[in-house]
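Me: Can you walk me through the strands and helices of this one? Here it is.

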Amino acid sequence: MEKPVVAAGEKTNLDGFVRARAFPLSSEVRARVTPGEKGPSAPLSNLRQIPPIETGKYLAYIRNNPVASWDNIPRTVKREVLLRACRERERRHPLLLTFEDFAGPFRFLKNKTLTGLYNYYNNLCRGPRGMVIRYICEDLDIEITTEDWIAYLTAGATVPSWQILPEQVLKDLLIRAAASLGYSNPRMMSTEDLKTGIDFLQGLSLFSFVARYSGNTAADVRALDHLCDEYGIPPLSFAEWLVLAARPNFRWQRFPRPHLHRLLQFLAEEAGKDTPRMLKHKDFCRPLPALNNRDLTGLYHCYARLKKDKKISTVEFLCDAAGIPGYNLPQWLATGLPGARIPWESLSPQLIKEILGKAAEELGLKNPRLMDSTDFNRSFSFLNGKTLSGLYARIKANPGLWDMLGIERPGTEDWLELICSSPQIHWERVPIKIQREIILKATAETGRPHPSLLKTKDFIATPLRFLGGKNLSGLYFHYATKKNQNALSVTEYILNTLQIPSAGINLKTGRIETIDSLNHRRYFDSKANCRAFLNAYLHHFSLESLIKKDSMLRNAKKAGIYKKGLLSLVGPMRQREYLDFLYELLKNTPLDSLGLPEPGRGDYRFLRSHLYALAGIKEKEEKTKKTAPAGLDPVKPRTKEAVLRELQQHREILALKEKKYHRVDCVCLSTDGNGAVFRVPAPFLPGDILTASAGEEFRVGECHTETTGDGYVIEVEAVLPLPAERITSIQRLVKDSNEAILNAHLEKLAGQVENGTVSPLLAGVLGLRKEKQVNPERLQIIPKRAYFNKALAKNKAQTEALNLALALDGHTHTLVLVQGPPGTGKTTLITEIALQSYLRGENILILAKTNVAVDNILVKLMDRNIRVLRSGNNLHWKSSLPGVHTVSTANSFYLAAMERGNKVVLGTPLGFYLDRNLPPEEYDLLIIDEASQMDTTETLFSLGFAKKCVMIGDHLQIPPYPIAQEILAEYNPRLTPAEKEKLQMSLFERLITNGNRFNRVFLDINYRTAHPEMVSFISDLVYDGRLSPNTASDYYKLSPAGRKKFFPHPIEIVDTAGISDPKLRAETEINSTYYNLTEAMLCVRQVLNLLEDGEKLTDIAVITPYKAQVEKVKEVFKENFHYFSVPESVFQEFIENRIYTIDSFQGREEEIVIISWVRSNYEPGQPRKTGFLKDFRRVNVSLSRARKKMILIGDYETLTNSDNLVVRYIFRQIKNLRAQQKIIL
């Protein structure tokens, strides 16, 4: 169809025109039209409506006048001119016009030439003649058919340009050429075929075309294949390949592997073989009808040449290359097993797996891994009498072969079945995990609480039902022959080797086993047990009979409360020594509770004088004694090498942490306001700052392991407000590499150890030098009038700690360790030490693990007229203390005023170090609060800032954040539980429990809790009876009636096990954490009850082990606001600031604390799961926060039947509180 003439005045542009019409010009042609260059356009005219000029008139004008510019000639006119030129030159198509044709005179133009027209288009296209003509035809809408292109190629006037042909035309030409040669696919053409003249191309070959495509003068089948790929010609079918393969001298390496697979299968069928792997050389020599009766010897010899490994046959190599499956067992057996030995190296893994399975079946075993060396060396009937000895040698050399073969490890039941059925077991073959499970099963069957209580007879003489009546004598003697540590019994050696953790309960004393009580070997080694005995005794007999040893021993036996070891304990004591022993156990009990008369002066304290008077002995007058610190143990200094190895351990772990935690992928699980929960592959510490890709910062609140064990769940809060959709889109988090800072410090410290320049403080801590004993005669005692806090002077332990701290000189005496249980005045002591040292002109640095602990001390110091400075960046969100900015390093005016004179600086270790406003200097005294929460590396880092140090903490509260198991596994997969525990232990715990290397003090009076019963309970539960209530409190000034009125029972238990339907009280898991809706509702009910009793909402706190429960409790409180008759602002403040997790509540206290334990689950016949409540230190923190009252909400049926002995013990003690009827506090 002819294109309409362009109207006069219409502006056209070739580039836009081509784009609009989508002309199929080659990229080469398009590249020749320079961007911005004008193409052909219509003649200019004014914008009036002028009718178009007829083509005939234009032609007449061109005949009679010179054409100044073909750009002004309409396309229809140019098209007519070109077609008339073809007719005059007798060309079937403009494509066949030569340059000479354009340059010659034309009659229809009165002997004018068309050189101007050609040059006009040549300027636009700038290519060979054919490309210019194609461009002209496409611009003028002149169709070019395949036949036109063939005519162009076969015109002998010029050399054809193959590259200008359209792809579809070239594809058609290839297919037609192949068909003319008798092929169904162009890919079947050979190099000779490419050189053969094609009839429909008038004898022209495709050689020049393919050579032009390949870019060189050689055209071969590889270039042809690439060309076919380019034009979308389908690959050869199997039948087409067979046609090619029938040619002489066919190159078999060209035969595709998928078709080779089919060809070999076809050959195997022709030869009557089950699998191509059974083919022989003679089978390849067999003529095949599908190959025109040609054989496959060429294929065989081709792969014989390609084969490099001489150990395998050509057929095996060929089958492997073709992806032929290996022999299955029946096929392999059908080969007849030629030869004296089985060539295991040539058998496929699947076949070896089947052979092993068949061998295990013949032996009556469920799993081949249960076979031992004797089994492998047996003759097997299915192998015609052959053995598996060769295979055993391979497995022994490479134990990982079992896993490579995909043979699963046998389970416990498989091993038990083998042990029951076999006359003898080689225990070295039984995996450690299975041995451990067997020991635990034996412990349960023998009724022992823990494997450590198994006796020798339990191993060698006790038949066990789960072993079919057999005993464990073989296991026992297996380890007895291996044991080379004389200090350990065989049972202890077995437990250590099998990595069976300790019971957590001291099985001699029946109390929680702490690192302080590891040396308790007898029942009465426990002070709490001594007190429990006296409590039982006074329920039967009077105090008067107790003070006489002989009558006490007789009465105890008479009442059936005598315990083994009692006589050994009190027998050697003299009378005064015995009375002093009794007094230490009875001193916290009011007089009336011991049956003594009321004094009538408002003082119900039981004094030593009362006991002496009752015994009729005059009490000796006590002289004022100087502080007499305990003697230091004569420890041997450590070697440099040992210290450097330890530092290297910590450096390697830090490096692994930095590598794993610096940048992690994450998935947002949920959002709540400015908080969110993310799943991450690695753990983070509370307080860590994480940054997203767009710079958003988050502070980590909590981190715990996912239930599946495949990762971690972190709860974070955005530093600045963020929309929920922004938070949910975050996919990666980055942590500032604190590990790199700590690692660099350890590297520096290692260098100082190496060259002997380490400070006396760090040398003592690392064990390179011994601390000298403080001489009591030279110890300066602070007079009572000099105390800033006068009440502190009345506490013997705090006074001793203060005097020891002030006696430090930074050379021979560098460190004091203070253990402060909950509520014993640690912050008060730190404040006094800091003030006394400041008064002496010293620069003091106070560091703590958390900003909350730092602020607690800062509040007390800000009340004094001293130069105090708070360090750390971004304190506006790290600290909630009002006015903290005025004393912070960010206040340049305040900082400048402190340049001269001594000062007290406070902060967290890394916050202090990274403070950009604080110049580095060495401090005279370092005080570390919460030292038990700092890991070893952070504590060593802190010790580098000062000459001497006072460490204060409590290793029986929450420990440092644990090192992730995957880090420990990557560091050393063979670490024992004891080694892992040591690596994660705080430096404070190591120092305070490792003998008397340094002066240490135990703060033994609790000031937080008003009710002695609460203190007594925690003291007996965790501190082995060493913690005492404050006998100067109001409790000891009231009569029994007054105590009953003003100090009611302080611990209330709400047991949800009373709810008959377990589903109603059960826990719910969400994102690897837990909540309990029933307990959340009970929290609301208890708070309402307390308010009805006159308590204030501001005096109540709710704590729980799990973050999900915190959120659930807040949610339930919000839903029930209408039941509370308090202002909304007060209620909102309670929800936001008085509902905590246990971990985040350490260091805080409240009048009334409600605890929701959350865990409630039931699986018939299975122990209950109680999660990380198994760490008694976390329970200790939760039970020691209340000043006045605790309400403990939980499912005590779950808690008292926990899968963990420690949890079971603790919650049975809690549940039995009322039933204990304690006299002695």
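What follows is a short chat about sheets, hairpins and packed helices.

Reply: This is a predicted model, where local features need pLDDT of at least 70, side-chain atom pairs count only at pLDDT 80 or more, and totals for chains, interfaces and linings use all residues. Residues are numbered from 1 along each chain as its sequence is written, and side-chain values use heavy atoms, with hydrogens and water left out.

Me: What is the strand order in the open sheet of seven strands?
Reply: E12-E13-E11-E14-E15-E10-E16, with parallel pairing. Strands (E, at least two residues) and helices (H or I, at least four) are DSSP runs, numbered from the N terminus. Pairing needs at least two DSSP bridges.

Me: Which strands stand at the edges?
Reply: E12 (868-870) and E16 (999-1002). Each has a single partner strand, so one side of each lacks a neighbour in the sheet. The twist averages 15° from one strand to the next.

Me: How many bridges join E12 and E13?
Reply: Three, in the parallel sense. Val868 stands opposite Val904 in E13.

Me: Helices now. Which strands does H44 lie across?
Reply: H44 (residues 936-943) lies across E11, E14 and E15, at about 155° to E14. Contact means heavy atoms within 4.5 Å. Axes are lines fitted to C-alpha atoms, for helices over the stretch in contact, with angles from 0 to 180 degrees between N-to-C directions.

Me: And H39, at what angle to E14?
Reply: About 175°.

Me: New topic. Is the pairing of E6 and E7 parallel or antiparallel?
Reply: Antiparallel, over three bridges. Four residues separate the strands in that hairpin, and Gly695 takes a positive phi near 95°.

Me: What are the bridge partners of Leu690?
Reply: Phe698 in E7 and Lys735 in E9.
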